[in-house]
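Subject: A structure for you to look at

Hello,

Here is the structure I promised to pass on. Have a look at it first, and then read my notes below.

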Amino acid sequence: MKGLKKLLLLVVFVALLTTGCSMKEHIGLKIDANKEITLEMIMAMDNEMIDSMINMGNMNMDEDEETEGDEEALEETEEAELNITDEMRWEYLKEAFNLSELQAENPNAKVEQYNKDGYKGYTISENVGNIDKFVTTDANAEKVNIEEAEDGKMFIKNGEVYKSNLTFTNEQLSGASSYEQMGAAFDIKFILTLPNKSISNN
């Protein structure tokens, strides 16, 4: 799947104007008995986060335009904040998650709307091929940093045993940490489903 690395790194950390907003990103790899991998992703935001980003975009547009009657413009902006529709939210999410580009790069990917547990977003799934396509060629590798996983090569193979030991630097995680301090909540999971019981995990 073209852009597998991009998808694995696609966590949309955005500046929030309000607290209590939350985002969900679940990345799943399902490996079957034939060692075929299906990539499954959920990318979603709650309405509060979506509305905050839409309103912030409106305010930025207002700042770029020279208008007369600032009080009248402010009233119009405040009124617009109260009339965000679900249609506007879905349109925002298409742009925020770059769906057009993603579907152009991955025409075989199945993309569906996700609307569950107070979150709106999209699920993306596609068979990306045999696990051996994603084994690192570095024979001495013990760990693979997610940003250095060239073409999604995140597995280390020893005989018929596959190991994935992904690492993240403090810098890579600093974005989520700073937003969490502002009151934002992130539901981020990496889910690996195997045909057999794993030898070990942490």
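Which residue takes a positive phi in the hairpin of β3 and β4? It is D117, with a phi near 55°, and the hairpin has two residues between its strands.

Before the rest, a word on the source: this is a predicted model, where local features need pLDDT of at least 70 and side-chain atom pairs count only at pLDDT 80 or more, while totals for chains, interfaces and linings use all residues. Residues are numbered from 1 along each chain as its sequence is written, and side-chain values use heavy atoms, with hydrogens and water left out.

Now to the sheet. Helices (H or I, at least four residues) and strands (E, at least two) are DSSP runs numbered from the N terminus, and two strands pair if DSSP finds at least two bridges between them. Five strands make an open sheet with mixed pairing, in the order β3-β4-β2-β1-β9. Because β3 and β9 (185-193) are at the edges with a single partner strand each, one side of each has no neighbour in the sheet. On average, neighbouring strands are turned by 15° against each other, direction ignored; axes here are lines fitted to C-alpha atoms, for helices over the stretch in contact, and angles run from 0 to 180 degrees between N-to-C directions.

Next, the charged pairs. A salt bridge is a side-chain nitrogen of Lys or Arg within 4 Å of a carboxyl oxygen of Asp or Glu, and the count is nine. One of them joins K35 and E160, with the closest N and O atoms 3.9 Å apart; these two residues are 125 residues apart in the chain. K35 is partly exposed at 24% relative accessibility and E160 is exposed at 61% (buried is under 20%, exposed over 50%, partly exposed in between, with a 1.4 Å probe and protein chains only).

K157 and D132 also meet in a salt bridge (3.3 Å, N to O). K157 lies in β6 and D132 in the loop between β4 and β5, so the pair ties together parts 25 residues apart in sequence. Through shared partners, K35, D132, K157 and E160 form one network.

Enjoy exploring!
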